[in-house]
Amino acid sequence: MKRKELHSLLSPLSEKLYRFAYTLIPDDLQAEQLVIDSFNAFLLRERKKLMAREVDLVSKNGSQILRRQYFKGILQHMLEIGVRRSIQLSEQIKVSRPQEYVPYYSLEPKVRFVMSLRYDAQFSVEEIEEIVQMPRYEVIEKIHNGRFLLLSDLNRGVNV
Amino acid sequence: MIEMNSNYKMFERKIVPYLDGSLSSQEVSEFEAFVMTHPDFEQQIKNKQQEIQLIKQMIPVAVFSKETKESIESEMHASIFNLIKEEPKGLFDSVRIRWEEWRNR
């Protein structure tokens, strides 16, 4: 694959990647930096495979499948880097998080990420397993806990 | 009657996994067959769907400004050209690569 082809394949992912980065770190600049760092980590790990790959970008379906596969690869790195960074920046996040999303940002970073994968990007449980490199039961547990905590918070709000 | 109740409870527990997509294909078929024969069960599914809708609303959607888009895409472009080396296939390809590298300096 040529660099130009790779760029045209990956640049449409920028918005989706940013959304995910923002779920881990609700700060514009930090989220942007997280996208770039995850992207670079992905390129460094996969560069040989990427260049060796022959792609037919004319076929819309083929490029969509490939784009989704690379998207998942970048998200893998984002989770790894982002969770660490989110823990380091936890005090800053308490200040910068948008007020309407406080319950969401009170969840653990990994749970937030899994919840967004499931409910925002609509990944299947199998795909989430692949991205977060966790066994199925752990993925399901994280989704269940996230849902339970968010709904409990909502019910508390209603009862107050 | 007891059997019917236990069946009902069992499928009730499967509503969320069904909506989550975490059931196996066989379980999905069993679940859908049960729903077909128990129309009252549909209300429970609707309630769960509403619950999921609420959860989706609690997940933030970041505002992706034009500046952020431009900045991320130009960084992506630079990363691709800096981190990835293309192997030239012949003289013309080699000239193309050198030209692209010069343009992206």
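# Guided tour of a two-chain predicted model

Start by selecting A:Ile143. This residue has 23 C-beta neighbours inside 10 Å, so A:Ile143 counts as buried. Keep in mind that the whole model is predicted.

**Stop 1: around A:Ile143**

A:Ile143 sits in helix 9 of chain A. Show its contacts, leaving out residues up to four places away in sequence. A:Val114, A:Met115 and A:Arg118 are touched within chain A, and B:Asp20 is touched across in chain B.

**Stop 2: chain A as a whole**

Zoom out and colour chain A by secondary structure. There are nine helices and zero strands. From the N terminus the order reads α-α-α-α-α-α-α-α-α. Along the principal axes, the C-alpha atoms of chain A fill a box of roughly 60 × 30 × 25 Å.

How much of chain A is buried? Of its 160 residues, 38% count as buried. Next, draw the contacts in chain A between residues at least 6 apart in sequence. Of these, 73% join residues at least 24 apart.

The mean for chain A is 88, and 93% of its residues reach 70 or more. Which elements of chain A have the lowest and the highest mean pLDDT? Helix 5, residues 90-96, has the lowest at 82, and helix 2 the highest at 95. Where pLDDT is low, the predicted coordinates should not be read in detail.

**Stop 3: helix 2 against helix 7**

Select residues 14-24 and 109-120 of chain A, which are helix 2 and helix 7. They pack at an angle of about 145 degrees, with their axes 9 Å apart. The crossing of helix 2 past helix 7 in chain A is right-handed.

Show the side chains at this contact. Helix 2 of chain A brings A:Arg19, A:Phe20, A:Thr23 and A:Leu24. Helix 7 of chain A brings A:Pro109, A:Arg112, A:Phe113, A:Ser116 and A:Asp120. The residues of this contact divide into four nonpolar, two polar and three charged.

**Stop 4: helix 7 against helix 8**

Which residues make the contact between helix 7 and helix 8 of chain A? A:Val114, A:Leu117 and A:Arg118 come from helix 7 of chain A. A:Ile128, A:Ile131 and A:Val132 come from helix 8 of chain A. The residues here divide into five nonpolar, no polar and one charged.

**Stop 5: two loops with positive phi**

Select A:Gln122, in the loop between helix 7 and helix 8 of chain A. Its phi is near 60 degrees, a positive value in a residue other than glycine. Most residues other than glycine have a negative phi. A:Gln122 has 10 C-beta neighbours inside 10 Å, so it counts as exposed.

Move on to A:Gln133, in the loop between helix 8 and helix 9 of chain A. The phi of A:Gln133 is near 55 degrees, again a positive value. Is A:Gln133 buried or exposed? A:Gln133 is exposed, because 10 other C-beta atoms lie within 10 Å.

**Stop 6: where the chains meet**

Show both chains. The contact takes 42 residues from chain A and 28 residues from chain B. On the chain A side, helix 1 (3-10), helix 2, helix 3 (28-52), helix 6 (102-105), helix 7 and helix 9 (136-159) each supply at least two residues. Helix 3 of chain A gives the most, with 12 residues. The chain A side divides into 25 nonpolar, seven polar and 10 charged residues.

**Stop 7: chain B**

Read along the sequence, the pattern is α-α-α-α-α-α. Of the 105 residues of chain B, 6% count as buried.

Select residues 25-37 of chain B, which form helix 3 of that chain. This helix has 13 residues and reaches 19 Å from its first C-alpha to its last, close to the 18 Å expected at 1.5 Å a residue. The number of buried residues in helix 3 of chain B is zero, so this helix lies largely in the open.

Conventions: Residues numbered from 1 in each chain as written. Chains lettered and ligands numbered in written order. Predicted model: local features only at pLDDT ≥ 70, side-chain atom pairs only at ≥ 80, totals over all residues. Axes fitted to C-alpha atoms, helices over the stretch in contact; angles between N-to-C directions. Helix = DSSP H or I, 4+ residues; strand = E, 2+ residues; numbered from the N terminus. Left-handed = near helix turned anticlockwise from the far one by under 90°. Contact = placed C-beta atoms within 7 Å. Nonpolar A, V, L, I, M, F, W, Y, C, P; charged D, E, K, R; others polar. Expected span 1.5 Å × (residues − 1). Buried ≥ 20, exposed ≤ 12 C-beta atoms within 10 Å, placed from the backbone. pLDDT = per-residue confidence, 0-100.
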